[in-house]
Amino acid sequence: MILSCPRPDRRSVLAGLIAAPAVMAFGRARSDGADLFSLGVASGDPTPDGVVLWTRLTVDPLAADGSGGLSEPIPVRWEIAADEAFRQPVLAGEDVATADWAHSIHIEVSGLQPDRPYWYRFVAQGQQSPIGRTRTAPARDADLERLRFVVASCAHWERGYFSPYRHMADESPDLVVFLGDYIYEYSLGEDRAAEVVRPYGMGEATTLAGYRNRYALHRTDPDLRRLHGAAPWIVIWDDHEVQDDYSGVWSKVNGVSPVDFGRRRAAAYRAFYEHMPLRRNVLRGPGMEIYRSLSYGRLAQFVMMDGRQHRSRQPCSTGPEGGKGQVVADSTCLDRADPSRTFLGFEQETWVYDALRRSNARWNILAQDLVMAGLRMGSAGGAEPRYWTDTWDGFPAARNRFVRNLAAINPSNPVVLTGDYHSFWTNDVRLDSADPDSPVVATEFVGTSVTSSGPPHDALNAMLPENPQVKFLDARSRGYISADLDRRRLSTRYQAISDRRDPDATLSTLKSWVVETGRPGAVATDD
């Protein structure tokens, strides 16, 4: 399935001519009193002169057909101001929300000033959206002094409330970095009903309508809507936006052909685009190219990587056409180390190297979805180590190639941000993952989940003596990473909520770290 996107209607772009009392008259009210903007607003992928603005119109967000209860095209007006009260209008224009794209709107604004906040809103059928706040990136040659951002991943609706999003918004970050599993495609079964805090109330998502409704349900959460409206986001996906542990065009379910799974994946990717503040240029080819880089002056470059779409099938898959990631030993999984297998896809891998070679940023942030530094399991006492194959550990030749190239390119201060594993980790990414004395090439910070359950904490910590590359691991906490970056150091805090089942959960700092410029490897600051 090839994705396409309607050409936006920019015929009414205006500069400095917004009349606030007049905007409420835009369009005729035909929604019978239903809130068209119940899914909120969002912004993302900021540049020095612009940003993407997003909303999706609905009157019945969970309509069974995924339409949001709308079918006809609806004109939408968008407005940007230099102040929250909209007394200083900057830009405005019109677009049309259509059923083809679930009445979602993606406005790629340009002509703004660098490194400053802006406020935005939408108007349709006489209704006005909530007001969102965004921020442009600094000029590409700007010597930015400081950047504050937060990092999150893995938000399972059924497992708890999204209070981490509220606490992230309270920090007023310049940027939100989201590393995948924004939704979960499955629902917990009756045998796990005791684990459900709030039910999805719908079957597993396998169709476009199913995926649309998962996103719509998540967007009804007030804490998530607040964070989207508080700062621009940069996002990638992991597996649950499509299916747990899928790999490239291969399902985790035996007997599902790549052709059949490709249809499901295309529907999932389309719904992802419809609900994220992404630029239209991701809609190219048979999939969606979400890998991209974003610059914050000379201070930081964010290299956003896709660790799902382009990789080889899982090693030692359990069936002829697919198979789930497993814990394996090399003696039972001979193709794990096959150098022809790829994690990022060779085209994306080359693109990453080129982005790092071109970078003049003091810090190069590699944002991706799966643990890079690795974890050897069950290797104490001379036993053969085992590995979880869904992560980079399932693709060791690809990881070794990537890390060697990273060391050869030698970009300034590489730092890896990782999601997926529902636990906090602080790792050294070493040139040779099997040699504890190998040089440290990069620091890796792994963020825990917003709500999703963590792996066994005690069992993982028992493995740390055999994994000196892992400096810290905590699988008990839910929350996010808060980061403060300046020219001299990156400071991170592992922020943990008190209880995912409590919508009013409180926040505390579990652990703090610093990476000094020119010195790969994190140092704990609260020991």
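Student: Which helices have axes that come within 10 Å, and at roughly what angle do they cross?

Tutor: In this predicted model, the axes of helix α6, residues 346-358, and helix α7, residues 396-409, come within 10 Å and cross at roughly 20 degrees.

Student: Are α6 and α7 then roughly parallel or roughly antiparallel?

Tutor: Angles under 35 degrees count as roughly parallel, and α6 and α7 are therefore roughly parallel to each other. The crossing in which α6 passes α7 is right-handed.

Student: Which residues make the contact?

Tutor: On the α6 side they are Phe346, Glu349, Val352, Tyr353, Leu356 and Arg357, and on the α7 side Arg401, Phe402, Asn405, Leu406 and Ile409. Sorted by class, the residues of this contact are seven nonpolar, one polar and three charged.

Student: How do α3 and α5 cross?

Tutor: The axes of α3, residues 208-219, and α5 come within 8 Å and cross at roughly 35 degrees, and α3 passes α5 in a right-handed crossing. From α3, the residues Leu208, Tyr211, Arg212 and Tyr215 meet Arg264, Ala267, Ala268, Arg270, Ala271, Phe272 and Glu274 of α5. That contact has seven nonpolar residues, no polar ones and four charged ones.

Student: Switching topic, how many residues are in the largest nonpolar core?

Tutor: The largest nonpolar core has 77 residues, and those with the most contacts inside it are Phe149, Tyr165, Val177, Met288, Phe302 and Phe445. Helix α5, residues 258-274, gives the most to this core, with seven residues. There is also a second, separate core of 24 residues, which includes Leu356, Trp392, Phe395 and Val441.

Student: Why would nonpolar side chains be buried together?

Tutor: As a general point, nonpolar side chains tend to be buried together in soluble globular proteins.

Student: And what does Phe149 touch?

Tutor: Not counting residues up to four places away in sequence, Phe149 touches Pro173, Leu175, Val177, Phe302, Leu417, Ile481, Ser482, Ala483, Leu485 and Leu490.

Student: What about Thr134, is that residue buried or exposed?

Tutor: Thr134, which lies in strand β9, residues 132-135, is buried, with a relative accessible area of 2%. Leaving aside neighbours within four places in sequence, Thr134 is in contact with Ser43, Val51, Arg116, Pro117, Tyr118, Tyr120 and Pro232.

Student: How far apart are Thr134 and Val51?

Tutor: They are 83 residues apart in sequence, and 8.0 Å apart in space from C-alpha to C-alpha.

Student: Where is Ser512, and what is in contact with it?

Tutor: Ser512 sits in strand β24, residues 507-516, and is buried, with a relative accessible area of 13%. Once neighbours within four places in sequence are left aside, the contacts of Ser512 are Thr492, Arg493, Val523, Ala524, Thr525 and Asp526.

Student: One more topic: what is phi of His103?

Tutor: Phi of His103 is near 55 degrees, a positive value in a residue other than glycine. Most residues other than glycine have a negative phi. His103 lies in the loop between β5 and β6, and is buried, with a relative accessible area of 0%.

Student: And what is phi of Asn413?

Tutor: Phi of Asn413 is near 50 degrees, again a positive value in a residue other than glycine. Asn413 is found in the loop between α7 and β18, and is buried, with a relative accessible area of 11%.

Methods. Residues are numbered from 1 along each chain as its sequence is written. This is a predicted model: local features need pLDDT of at least 70, side-chain atom pairs count only at pLDDT 80 or more; totals for chains, interfaces and linings use all residues. Side-chain values use heavy atoms; hydrogens and water are left out. A nonpolar core is a set of buried Ala, Val, Leu, Ile, Met, Phe, Trp, Tyr and Cys residues joined through side-chain atoms within 4.5 Å. Buried means under 20% relative accessible area, exposed over 50%, partly exposed in between (1.4 Å probe, protein chains only). Helices (H or I, at least four residues) and strands (E, at least two) are DSSP runs, numbered from the N terminus. Contact means heavy atoms within 4.5 Å. Axes are lines fitted to C-alpha atoms, for helices over the stretch in contact, and angles run from 0 to 180 degrees between N-to-C directions. Angles under 35 degrees count as roughly parallel, over 145 as roughly antiparallel, 65 to 115 as roughly perpendicular and the rest as oblique. A crossing is left-handed if the near helix is turned anticlockwise from the far one by less than a right angle, and right-handed if clockwise. Ala, Val, Leu, Ile, Met, Phe, Trp, Tyr, Cys and Pro count as nonpolar, Asp, Glu, Lys and Arg as charged, and the others, Gly among them, as polar.
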